[in-house]
Amino acid sequence: MAYKGMSTKAVHSGERPEIPTGAVNTPIYQSSTFIFPTDDPRTWDGDAPEGTYMYSRKANPTVEVAERKIAELESGKRCLLFSSGMAAISSILTAYLSRGDAIVSQEDIYGGTYGFLRNALPRMGIEVRFGPTADTGALIDAIVPGTKVVWLESPSNPLMRLVDYPEVAKAAHERGAITVIDNTLASPMNQRPLEMGVDIVTESCTKYLGGHSDLLAGAVVSNAFDISAVHDARTSFGGSLDPFASFLLERGMKTLPLRMERHNRNGLEIARFLEDHPAVERVHYPGLESHPQHALAKRLLSGCGGLMSFEVKGGRQAAERAMRSMRLIKMATSLGGVESLVSMPSSTSHRSLPAQERKRLGITDSMLRVSLGIEDAEDLREDLDQALRASQV
Ligand SMILES: Cc1ncc(COP(=O)(O)O)c(C=O)c1O
């Protein structure tokens with residue numbers, strides 16, 4: 001049955017009503033292998049027929065429930081789950097790029113993706129070109145003949161820059177390239193790029209989709225575009241998701257719409273609070289009227305989420321003092337969980353970038369990144385205020 005609303009999809013999409021016990025929740029098929037039906041010789045010739053299972057590296061019924069739910073939420077037809085966001089990202093890149101091909105990426109992207117593009121792909125004979133994130137024309141100009149993939153991430157981590165991805169996807173198609181977007185920071189609650197012409201959406205489900213900081217997972221989703229090559233890469237590299245992690249992910253996604261509502265609200269309220277704080281130099285959050293891409297944010301996003309970065313007055317030492325003084329907000333990397341976290345991008349998520357490159361992109365040493373959870377905004381404000389005051393000694 002096709003559901004209309006995102007909340008109904010989050011709770012019910014992917015369910016398998018045919019499971020004989022009538023269990024309301026998805027059973028965990030914690031089995032690496034499945035007994036071949038002896039009366040169906042096709043099973044012995046290769047892949048298991050549709051609706052049957054053979055080996056969990058290829059397909060598993062618990063994993064498939066979570067895959068179907070994500071496909072519905074992202075307005076896609078097919079989803080493949082991986083053991084982490086990076087397993088999903090590296091599988092897409094190796095599935096669609098070969099020696100002699102080129103890829104164009106916006107320049108500010110998650111540090112792990114940047115490291116893979118910068119280090120692994122050139123070793124495979126693939127040319128990697130970077131273009132400015134917020135300058136659509138210049139990014140499109142970088143899509144020269146031979147480009148097979150255009151890699152986007154919007155909003156970007158940690159600067160919350162946006163890409164006009166409908167425009168870039170259109171231009172990429174005209175030039176014979178496919179467009180992939182990392183939708184981790186928005187989640188399908190805040191934007192669904194497959195509806196706007198993007199070919200593949202990838203997400204670190206470790207973040208908002210799972211939502212409880214208790215699992216690692218990655219998704220690859222498409223609508224009309226055939227992602228069988230990504231399925232083959234998953235089978236070959238072995239980055240399949242475990243059934244128990246899939247169960248946690250599917251359970252977590254049931255509350256995604258409610259959580260995102262609170263993340264969006266806390267995000268905007270705290271961004272405004274930080275913008276007015278005397279110890280803060282600058283806030284990067286597209287929901288703020290002062291953000292240079294606020295108009296684009298209003299066009300592309302229905303909410304800006306709980307992640308933002310800001311620069312503390314007084315440089316790296318002041319930023320470190322602020323971070324260490326936070327009590328409710330815990331010092332840890334990652335984002336998208338129900339709990340609020342703070343980290344310093346220059347020494348965590350973007351450590352792999354050369355210092356010069358970080359500086360050029362605007363990831364300063366005085367920058368802190370906060371991932372606001374679903375706590376009460378008043379408590380978050382108080383914690384940030386006392387920490388920022390403590391930073392200005
Ligand atoms: C935007 C983005 N994409 C991908 C990843 C990688 O995901 P994972 O840690 O699940 O491998 C991260 C991790 O922080 C991320 O922030």
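**Loops, ligand and confidence**

Me: Where in the chain is Pro155 placed?
Reply: This is a predicted model, in which local features need pLDDT of at least 70, side-chain atom pairs count only at pLDDT 80 or more, and totals for chains, interfaces and linings use all residues. Residues are numbered from 1 along each chain as its sequence is written, and side-chain values use heavy atoms, with hydrogens and water left out. Helices (H or I, at least four residues) and strands (E, at least two) are DSSP runs, numbered from the N terminus. Pro155 sits in the loop between β4 (147-153) and α6 (165-174).

Me: What is omega for the peptide bond that joins Asn157 and Pro158?
Reply: Pro158 is in the loop between β4 and α6. A cis peptide bond joins Ser154 and Pro155, with omega about -5°. The bond that joins Asn157 and Pro158 is also cis, and its omega is about 10°.

Me: How far is an oxygen atom of the ligand from a side-chain N or O atom of Asn157?
Reply: A polar contact is a pair of N or O atoms within 3.5 Å; within protein, one must be able to donate a hydrogen and the other to accept it, and residues adjacent in sequence count only if both atoms are side-chain atoms. A backbone N or O atom of Met86 lies 2.9 Å from a ligand oxygen. For the side chain of Asn157, the distance to a ligand oxygen is 3.0 Å.

Me: Which helix gives the most residues to the shell around the ligand?
Reply: The ligand has 15 residues around it, of which Gly85, Met86, Asp182, Ser204 and Thr206 come nearest; a residue is near if one of its heavy atoms lies within 4 Å. With three residues in this shell, the helix that gives the most is α3 (residues 85-96).

Me: Is Ser213 buried, partly exposed or exposed?
Reply: Ser213 has a positive phi of about 50° although it is not a glycine, and is found in the loop between β6 (200-204) and β7. Buried means under 20% relative accessible area, exposed over 50%, and partly exposed in between (1.4 Å probe, protein chains only). Because its relative accessibility is 44%, Ser213 counts as partly exposed.

Me: Where in the chain is confidence lowest?
Reply: The predictor's confidence in each residue is pLDDT, from 0 to 100. The chain has a mean of 95, and 97% of its residues reach 70 or more. Confidence is highest in strand β7 (residues 218-222), at 99. At a mean of 87, the lowest is in helix α13 (residues 355-361).
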